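Me: I am new to this entry and would like to learn how to read its features one at a time. Could you take me through it slowly?

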Amino acid sequence: PEPGAGTFVDGTENVPSLKGRSPSAALGTRFGVPVATLNDGLAAANAELRFGVGRRLSRFAVVTVGTGIGGGVVLDGVLQSGPA
């Protein structure tokens with residue numbers, strides 16, 4: 001899959017029909033707006049940056065603990081992301 005395309009390649013055990021598909025592309029086409037797919041850790045950090053306590057901070061980290069461990073980092077007000 002193309003990096004950044006939002007195509008699910010793993011983690012689809014609960015909804016197998018999503019494997020190999022890009023919900024973000026389908027939603028973007030359907031509604032005519034840009035759509036991005038993020039993992040839960042990056043999404044939580046982005047939400048804190050835009051709507052939460054992160055609005056007052058230039059650098060912070062969010063750790064998510066569920067069926068796995070993840071997180072997101074914001075440096076100088078920018079959500080950091082790397083290879084998937």
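Me: At the start of helix 2, which backbone nitrogen does a side-chain oxygen of Asn 39 reach to?

Reply: Keep in mind that this is a predicted model. In it, a side-chain oxygen of Asn 39 comes within 3.0 Å of the backbone nitrogen of Gly 41, and this happens at the start of helix 2.

Me: How many residues does helix 2 have, and how far does it reach from its first C-alpha to its last?

Reply: The span expected of a helix is 1.5 Å times one less than its number of residues. Helix 2, residues 40-51, has twelve residues and reaches 16 Å, which is close to the 16 Å expected.

Me: Which residues of helix 2 are buried, and which exposed residues lie on the face turned away from them?

Reply: A residue counts as buried under 20% relative accessible area and as exposed over 50%. The buried ones in helix 2 are Gly 41, Leu 42, Ala 45 and Leu 49; because they cover an arc of only 95 degrees around the axis, they sit on the same side of the helix. The face turned away from that buried side carries the exposed residues Asp 40, Arg 50 and Phe 51.

Me: What covers the buried residues of helix 2?

Reply: The cover includes strand 1, strand 2 and strand 3. These three strands form an open sheet in the order 1-2-3, with antiparallel pairing, and the edge strands, strand 1 (60-65) and strand 3 (78-80), each pair on one side only. The twist averages 25 degrees from one strand to the next. Helix 2 packs on this sheet, and its direction makes about 135 degrees with that of strand 1.

Note on methods: Residues are numbered from 1 along each chain as its sequence is written. This is a predicted model: local features need pLDDT of at least 70, side-chain atom pairs count only at pLDDT 80 or more; totals for chains, interfaces and linings use all residues. Side-chain values use heavy atoms; hydrogens and water are left out. Two strands pair if DSSP finds at least two bridges between them. Helices (H or I, at least four residues) and strands (E, at least two) are DSSP runs, numbered from the N terminus. Axes are lines fitted to C-alpha atoms, for helices over the stretch in contact, and angles run from 0 to 180 degrees between N-to-C directions. Contact means heavy atoms within 4.5 Å. Buried means under 20% relative accessible area, exposed over 50%, partly exposed in between (1.4 Å probe, protein chains only). The arc is that of the directions from the helix axis to the C-beta atoms. A polar contact is a pair of N or O atoms within 3.5 Å; within protein, one must be able to donate a hydrogen and the other to accept it, and residues adjacent in sequence count only if both atoms are side-chain atoms.
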